[in-house]
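Good morning, and thank you for the time on the agenda. I would like to walk you through one structure, element by element, for those who have not seen it before.

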Amino acid sequence: MADKIDAKTIRSKVEQINTLPTVPGTLKRISRTLEKPRISLDELGKIISNDPALTTKILKMVNSASYGFPGRISSVSHATMLLGLNVIKGLLLGVSVFELMEKTMTGLWEHSMACAMASRIIAQKKGLKEPEEVSVCGLLHDIGKTILMLQYSEIFQKAMQEAENNGITIYESESRHFSATHAEAGQWLLQKWHFPPTLVDTIQYHHQPTLSKNSPMETAIVHVADVLVRAKGLGFAGDHVVPELNSAAWDMVSLSEDDIMEILSDLEDGAQAAREET
Amino acid sequence: MPKISVSDLKPGMVLAKPLARGNMVILGEGTVLNEAWISRLDDMNVEHVYIDGPSEQPVSKEQALRDLEARFRNVIDMPHMRALNNLVKNHIESLYGR
């Protein structure tokens with residue numbers, strides 16, 4: 001096997017993502033905005049409101065089954081009020097990466113939306129204060145895959161093929177080619193865009209939830225949501241096998257059988273609604 | 001819960017979601033549709049409603065269960081994963097009615 005690509009190179013490639021010609025203009029614009037260390041909710045709201053396509057996408061997302069307000073949010077200012085800076089920032093990133101996700105890996109968006117929904121439901125069941133923030137973490141947890149696929153298309157394709165041939169997860173096969181995985185790639189991107197450490201942790205550690213210091217519960221939730229969505233077989237995240245649930249995270253989240261059945265059935269309704277829309 | 005075109009509705013079908021125009025709910029969740037309701041929905045130019053019952057699935061039940069076993073093949077020996085596998089199996093079976 002060829003030499004593994006070292007982490008430092010990957011990091012710089014991740015951070016230069018907006019220089020890529022294949023990255024859509026909206027994402028470049030948004031990324032320039034998010035790179036500013038301080039941005040107010042008001043500013044962010046204005047950027048969205050001034051862009052009709054973005055407004056439509058954001059409103060569609062917040063009114064979808066993944067978030068808790070079906071059909072009730074009719075304006076960007078209402079959305080920003082209800083959801084707050086981190087969620088709006090995350091959604092903005094989510095909807096602008098959507099196109100890339102579908103182009104680079106068909107099914108990744110469906111997987112991500114389902115994870116967003118499962119994360120929110122679990123966060124609500126656990127009584128967390130900001131279930132929508134956890135939902136955004138679920139939405140963005142695999143954003144690193146999109147970036148690796150863009151910057152290292154050939155190698156990532158090969159890693160996916162190996163995952164398929166050997167019946168292993170993409171996370172395992174990634175680490176044979178890269179010194180950093182999609183989890184770290186996502187971490188670097190979110191750090192560059194000034195997401196708070198509590199959100200960054202969930203992305204960075206969604207495969208090793210016990211390592212999270214800033215948000216162990218939220219990270220455990222995203223980990224569990226990811227495995228539940230794979231168990232149900234919704235969308236495609238780069239492989240065809242369910243990874244093992246981390247037992248410490250599983251115990252921490254401690255869902256009853258009824259909880260799990262309810263989540264699976266909500267995921268089904270969400271997937272059904274998405275299918276009927278297209 | 002399948003979404004059904006109004007022209008395909010039959011008396012006796014049950015609404016799975018309330019039907020609303022703007023902010024006003026016209027028919028509540030659980031309404032049993034009769035001939036009169038159905039023709040009125042048609043008159044109001046409603047196109048689709050959500051009906052109780054299993055939705056159409058993209059693959060057959062047998063296929064869905066085979067895919068499930070294949071997905072879990074690496075982890076099925078672990079007790080907590082086997083338990084999850086069983087729950088998902090029950091869930092899949094429930095999607096196909098009976």
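I begin in chain B, where the charged end of Lys17(B) sits over the ring of Tyr50(B), at 4.0 Å from the centre of that ring. Please keep in mind throughout that this is a predicted model.

Strand 2, residues 19-21, and strand 3, residues 24-27, pair in the antiparallel sense over 3 bridges. Within this pairing, Ala20(B) stands opposite Val25(B) of strand 3. The two strands of chain B form a hairpin with 2 residues between them. In the turn, Gly22(B) has a positive phi of about 60 degrees.

Asn45(B) is one of them, with phi near 60 degrees. Asn45(B) is located in the loop between helix 1 (35-43) and strand 4 (48-50) of chain B. Because its relative accessible area is 62%, Asn45(B) is exposed. In chain A, Ser254(A) has a positive phi of about 35 degrees, although it is not a glycine. Ser254(A) belongs to the loop between helix 14 (247-253) and helix 15 of chain A. With a relative accessibility of 41%, Ser254(A) counts as partly exposed.

I now turn to the aromatic residues. How many aromatic pairs does a search of the whole structure find? Over all chains, the search finds 3 aromatic pairs. One of them is formed by Phe98(A) and Trp109(A), which are edge-to-face, with 4.8 Å from centre to centre and 65 degrees between the planes. This pair links distant parts of the chain: Phe98(A) is in helix 5 (residues 76-104) of chain A and Trp109(A) in helix 6 (residues 108-125) of chain A, 11 residues apart. Phe98(A) counts as partly exposed, at 31% relative accessibility, while Trp109(A) is buried, with a relative accessible area of 13%.

Another pair joins Phe156(A) and Phe178(A); it is tilted, with 6.5 Å between the centres and 45 degrees between the planes. Here too, distant parts of the chain are linked: Phe156(A) is in helix 9 (residues 153-166) of chain A, and Phe178(A), 22 residues away, is in the loop between helix 10 (170-177) and helix 11 (182-192) of chain A. Together with Tyr152(A), Phe156(A) and Phe178(A) form one aromatic cluster.

Helix 6 of chain A also contains Cys115(A). At 0% relative accessibility, Cys115(A) counts as buried. Cys115(A) and Val62(A) are 53 residues apart in sequence and 15 Å apart in space, C-alpha to C-alpha.

Next, helix 8 of chain A, residues 143-151. Why is helix 8 of chain A described as largely enclosed by the rest of the structure? The reason is that 9 of its 9 residues are buried. Among them are Lys145(A) and Gln151(A), along with Ile143(A) and Leu148(A).

The lining of the largest cavity divides into 9 nonpolar residues, 1 polar and no charged.

Finally, I come to the second largest pocket, with a volume of about 380 Å³. Of the 16 residues that line this pocket, Lys232(A), Gly233(A), Arg275(A), Pro58(B) and Val59(B) lie nearest its centre. Two or more lining residues come from each of helix 15 (257-277) of chain A and helix 2 (61-71) and helix 3 (79-95) of chain B. Helix 2 of chain B gives the most, with 3 residues. The lining of the second largest pocket divides into 7 nonpolar, 3 polar and 6 charged residues.

Thank you for your attention.

Technical notes
Residues are numbered from 1 along each chain as its sequence is written. Chains are lettered from A and ligands numbered from 1 in the order in which they are written. This is a predicted model: local features need pLDDT of at least 70, side-chain atom pairs count only at pLDDT 80 or more; totals for chains, interfaces and linings use all residues. Side-chain values use heavy atoms; hydrogens and water are left out. On a 1 Å grid over the protein atoms alone, a cavity is a set of points where a 1.4 Å probe fits but cannot get out, and a pocket is an open set with protein on both sides within 12 Å along at least five of seven lines; lining residues have an atom within 4 Å of a point. Grid points are joined across faces, edges and corners, and a volume is the space filled by probe spheres set on the points. Helices (H or I, at least four residues) and strands (E, at least two) are DSSP runs, numbered from the N terminus. Ala, Val, Leu, Ile, Met, Phe, Trp, Tyr, Cys and Pro count as nonpolar, Asp, Glu, Lys and Arg as charged, and the others, Gly among them, as polar. Rings of Phe, Tyr and Trp (its six-membered ring) pair if their centres lie within 6.5 Å; planes under 30 degrees apart count as stacked, over 60 as edge-to-face and the rest as tilted. Buried means under 20% relative accessible area, exposed over 50%, partly exposed in between (1.4 Å probe, protein chains only). A charge sits over a ring if NZ of Lys or CZ of Arg is within 6 Å of the ring centre and within 35 degrees of the ring normal. Two strands pair if DSSP finds at least two bridges between them.
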